[in-house]
Amino acid sequence: MLYFPTLISIIEVLLVTVPVLLTVAYVTVAERKTMASMQRRLGPNIVGYYGLLQAFADALKLLLKEYVSPTQANLALFFLGPVITLIFSLLGYLVIPYGPGLSLNDFNLGILYMLAVSSLSTYGILLAGWSANSKYAFLGSLRSTAQLISYELILSSAILLVVMLTGSLNLTVNIEAQRAIWFIIPLFPVFIIFFIGSVAETNRAPFDLAEAESELVSGFMTEHAAVIFVFFFLAEYASIVLICILTSILFLGGYLYDYLPSLFFLIQYFDFEYYINNLHSESYFSDPLIEGLLYGLTLGIKSCVMIFVFIWVRASFPRIRFDQLMSFCWTILLPIVIAFVILVPCILYSFEIIPSNIALL
C-alpha cells in the first residue's frame, strides 16, 4: 500500500510529460511548415500524411547516428549540461493549471517557482559550452548566459506588474482574476515587453545570438551531436511551449473560455442537433469531462496562437548584433519596465483598487 501514492505520482507525471514531448515534436513540424508557407516553399511533405511524421523521422535519424565526443572535453559535464537543460525545461510544467484544480501541484508560489526553474536551465548551457573545450561553444555559452540573465530581469518585472493586479503568485488565482477582463487590455505595453523578453529568453530568432550559425558555427551546441543534441533540441522547444502557455495564463485569461457565443454559432452552423438542444442546459456544462475538455482546449488554442506568433517573428525579422541585443535590454526595455513598475501601483492606489493581499502588507 505504501507504493500506491508513488505509482499515482508517476502516472500523473507521465500524463503531463508525454503530451508535452509530443507537442514539442509537432511544434517543430508546424514551424517548418509555417515558415515554408511564408517563404513560398513546400516544407516537409513526404514522411507521413502532409509531412506529419517528419519529426519522428528526424528523431530516429539523430538517435541512430554514431556519437563522437571531443577528446579534450570534460565528458561528465559535457553529457550533464544538455540533461540539466532538458530537465529544468520540463519541470516548469509542474505548476501549469490546465483547468480549475487541473495541475500537478497548484501551490501558492507557482510564478516564483517557474522563474527559479527557468533560471537554473542557464547552468546547463554554461556547463555544456565550457566543458566542450571549444572556443565557439564557450563563446556561445557566455553569450547565452549574459542574454538569459539580462532578459530574466525584464520578464520578472513584467510578471511583477501582473502580480500587482492580482495580489498572488498563484497561477490559478491570476487566471481567475481575469474573468472580468484579460490583462492584455490594461497592460498591453507590458505584454509587448514580456513577449520580447520571452523571445530573447528562449534564444529564438532574431535574438538567437548564442547559436549564430554565421559567427559561432552552432553556438554552445557546436560539439554536441546525435542523442545529446536531441536533449538541447527538446529543451529549446519545450521552453517555447512553456513560455507561450505562461503568456496565455498571465495576459490572455488562461483556460477561461469567454468566446462561448462563437462556439455556439459554430455548433449551430454544423447542425449538431443534440448539442444545440442541450447547449443552454446546466447539465451540459456541469459535466466535468466536457468542462475539463473546454478548459484544456481553450488554453491550447491560446498557446497555439502565441507559438504561431513566435514562428512569425522568426520568419519576419533579421538577426541583430549581440551588442545591440544587450543595449536594447539595458537602455530601452529596462527603463520602460521600471517606469511601469512605478506607474501601475500609483494608478492602483489612486483608484483604491489595490488587491487585498497586497493592501494588508
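## Around Asn45

Leaving out neighbours within four places in sequence, Asn45 touches Lys33, Tyr50 and Gly51 (contact here means heavy atoms within 4.5 Å). This is a predicted model, in which local features need pLDDT of at least 70 and side-chain atom pairs count only at pLDDT 80 or more, while totals for chains, interfaces and linings use all residues. Residues are numbered from 1 along each chain as its sequence is written, and side-chain values use heavy atoms, with hydrogens and water left out.

Asn45 sits in the loop between α1 (3–38) and α2 (54–64); helices are DSSP runs of H or I with at least four residues, numbered from the N terminus. Asn45 has 35% relative accessibility, so it counts as partly exposed (buried is under 20% relative accessible area, exposed is over 50%, and partly exposed is in between, with a 1.4 Å probe and protein chains only). Val29 is 16 residues away from Asn45 along the chain, and their C-alpha atoms are 9.9 Å apart.

## A nonpolar surface patch

Tyr50, one of the contacts of Asn45, lies in the loop between α1 and α2 as well. Tyr50 is exposed, because its relative accessible area is 56%.

Tyr50 also belongs to a nonpolar surface patch, together with Ile10, Leu14, Val18, Leu22, Tyr26, Tyr49, Leu52, Leu53 and Phe56. Helix α1 gives the largest share, five residues.

## Salt bridges

The count of salt bridges comes to six, taking a side-chain nitrogen of Lys or Arg within 4 Å of a carboxyl oxygen of Asp or Glu. One of them pairs Glu31 with Arg314, at 2.6 Å from N to O. Glu31 is in helix α1 and Arg314 in helix α13 (residues 288–316), so this bridge ties together parts 283 residues apart in sequence. Glu31 is buried, at 3% relative accessible area, whereas Arg314 is partly exposed at 33%. Both residues are part of a salt-bridge network that also takes in Arg204 and Glu236.

Asp58 and Arg32 make another bridge, with their closest N and O atoms 2.7 Å apart. That pair links distant parts of the chain, with Asp58 in helix α2 and Arg32 in helix α1, 26 residues apart. Asp58 is partly exposed at 24% relative accessible area, and so is Arg32 at 37%. Then there's Asp323 with Arg321, whose closest N and O atoms are 3.0 Å apart. Asp323 is partly exposed at 44%, and Arg321 is partly exposed at 48%.

Helix α7 (residues 188–201) packs against helix α14 (residues 322–350) at about 145°, with the axes 11 Å apart. Axes are lines fitted to C-alpha atoms, for helices over the stretch in contact, and angles run from 0 to 180 degrees between N-to-C directions. From α7, Pro189, Val190, Ile193 and Ile196 meet Phe328, Leu333, Ile336 and Phe340 of α14.

Over in helix α5 (residues 135–166) you'll find Arg143. Arg143 counts as buried, because its relative accessible area is 18%. Asp208 is 65 residues from Arg143 in sequence, with a C-alpha to C-alpha distance of 9.6 Å.

Key: Helix = DSSP H or I, 4+ residues; strand = E, 2+ residues; numbered from the N terminus. Patch = residues over 30% accessible without salt bridge, like charges linked within 9 Å, V, L, I, M, F, W, Y side chains within 5 Å. Areas by Shrake-Rupley, 256 points an atom, 1.4 Å probe, with all protein chains shown as cover.
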